[in-house]
Number of protein chains: 2
Amino acid sequence: MSNLVDQYYMQRCLELAAQAEAREEVPVGALCVFEGRVVGIGSNSREADQNPVGHAEIDALQMASRTLGSWRLTGVTLYVTLEPCPMCAGALVLSRVDRLVYATKDPKAGAVESLFSIGLDPRLNHVFEVSSGVLQPQAAEQLSGFFRSRRKKKKPRTRSC
Amino acid sequence: MSNLVDQYYMQRCLELAAQAEAREEVPVGALCVFEGRVVGIGSNSREADQNPVGHAEIDALQMASRTLGSWRLTGVTLYVTLEPCPMCAGALVLSRVDRLVYATKDPKAGAVESLFSIGLDPRLNHVFEVSSGVLQPQAAEQLSGFFRSRRKKKKPRTRSC
């Protein structure tokens, strides 16, 4: 289900992702919404903070917990531009969010629908609703543009003269 | 493989877990070792900090990254008393640790060997060595003792007179 409200929040996530890109981080942005109010935001901060868990979703969940005063984020929807990895999908289960909305799949590390079903798997003690594909072309282009540009910067000079 | 060095560090993890239990957290303790030196420690802090990602492994990995000045924890072994959940197993992949040593399996949420194979799955961009069963009886008893005591505290009075 992609509706105007989801598109509105995903557009904000794309902006957060662009801020990460400006800091030379992989462009991923996330936010948490509770009762129509943004209670947490996050963007990739791994390189700037040299923090292996500095993913957009983790930052947004932790901010939401501080805002709401509880680790239990019942009623919260998390929006993110890229399908969560195993760490972030696991964090969404642990924080008991109601719903995940993401833009584009991650065939290499996506853990909600691509490689695993974390968040949909009834063996874990929480499942959540998943909506995907919201502003997918924009998110996919933002990510592939970033990696294209990084490859170009890293390209070695092959001519010896 | 369970050797004396592994047992030594796992004993320290059991002590960290006991500190968590004293704060009424689920008793789980973790530490990171790099070149024979402890570079990160952690214990469950979810309740005290109301932080959904406040697991022992996450705290230990973040402290190790601060100590070593890098998100990339090549050469690090993480010790933990309980098999990591999806979030923590995912964080171990992201931080590129060399090795995981854990004490007791988690049949309900363990993501390295019980429910998933995160850390052993070659589809992800990093795998690590896994050793389990080190001080297993002590860790299992510490956890079951905690849950026994919590059930006793919560038990409702069923007699009406």
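Me: A pocket is an open set of grid points with protein on both sides within 12 Å along at least five of seven lines. In this predicted model, how much space lies in the largest pocket?

Reply: About 1,200 Å³ of space lies there. Val26(A), Arg46(A), Asp106(A), Phe147(A) and Arg150(A) are the closest to its centre, out of 38 lining residues.

Me: What makes a residue such as Val26(A) part of that lining?

Reply: A lining residue has an atom within 4 Å of a point of the pocket, and Val26(A) is listed among those that line the largest one. Two or more lining residues come from each of α2, α3, α4 and α5 (136-154) of chain A, and also from α4 (86-94) of chain B. The largest share belongs to α5(A), with seven residues.

Me: Which classes of residue make up the lining of the largest pocket?

Reply: There are 17 nonpolar, 16 charged and five polar residues in it. Arg46(A), Asp106(A) and Arg150(A) count as charged because Asp and Arg belong to that class, whereas Val26(A) and Phe147(A) count as nonpolar because Val and Phe do.

Me: And what about the second largest pocket: what is its volume?

Reply: The volume is about 940 Å³. Here 33 residues form the lining, and Val26(B), Leu82(B), Asp106(B), Ala109(B) and Phe147(B) are the closest to the centre. α4 of chain A contributes two or more residues, as do α2 (46-49), α3 (56-68) and α5 (136-154) of chain B. Four residues, the largest share, come from α5(B). By class, the lining holds 16 nonpolar, 12 charged and five polar residues.

Me: Let's turn to the two chains. How do you know that chain A and chain B are in contact?

Reply: Contact asks for heavy atoms within 4.5 Å, and 30 residues of chain A are in contact with 30 residues of chain B. The area buried between the chains is about 2,600 Å², with carbon and sulfur atoms giving 68% of that area.

Me: How many salt bridges and polar contacts are counted between the chains?

Reply: The salt-bridge count between chain A and chain B is zero, whereas eight residue pairs are in polar contact, both residues being at pLDDT 80 or more. On the side of chain A that touches chain B, α2 (46-49), α3 (56-68) and α4 (86-94) each supply at least two residues. α4(A) gives the most, with five. That side of chain A divides into 15 nonpolar, nine polar and six charged residues.

Technical notes
Residues are numbered from 1 along each chain as its sequence is written. Chains are lettered from A and ligands numbered from 1 in the order in which they are written. This is a predicted model: local features need pLDDT of at least 70, side-chain atom pairs count only at pLDDT 80 or more; totals for chains, interfaces and linings use all residues. Side-chain values use heavy atoms; hydrogens and water are left out. Buried area is the accessible area (1.4 Å probe) that two parts lose on being put together, summed over both. A salt bridge is a side-chain nitrogen of Lys or Arg within 4 Å of a carboxyl oxygen of Asp or Glu. A polar contact is a pair of N or O atoms within 3.5 Å; within protein, one must be able to donate a hydrogen and the other to accept it, and residues adjacent in sequence count only if both atoms are side-chain atoms. On a 1 Å grid over the protein atoms alone, a cavity is a set of points where a 1.4 Å probe fits but cannot get out, and a pocket is an open set with protein on both sides within 12 Å along at least five of seven lines; lining residues have an atom within 4 Å of a point. Grid points are joined across faces, edges and corners, and a volume is the space filled by probe spheres set on the points.
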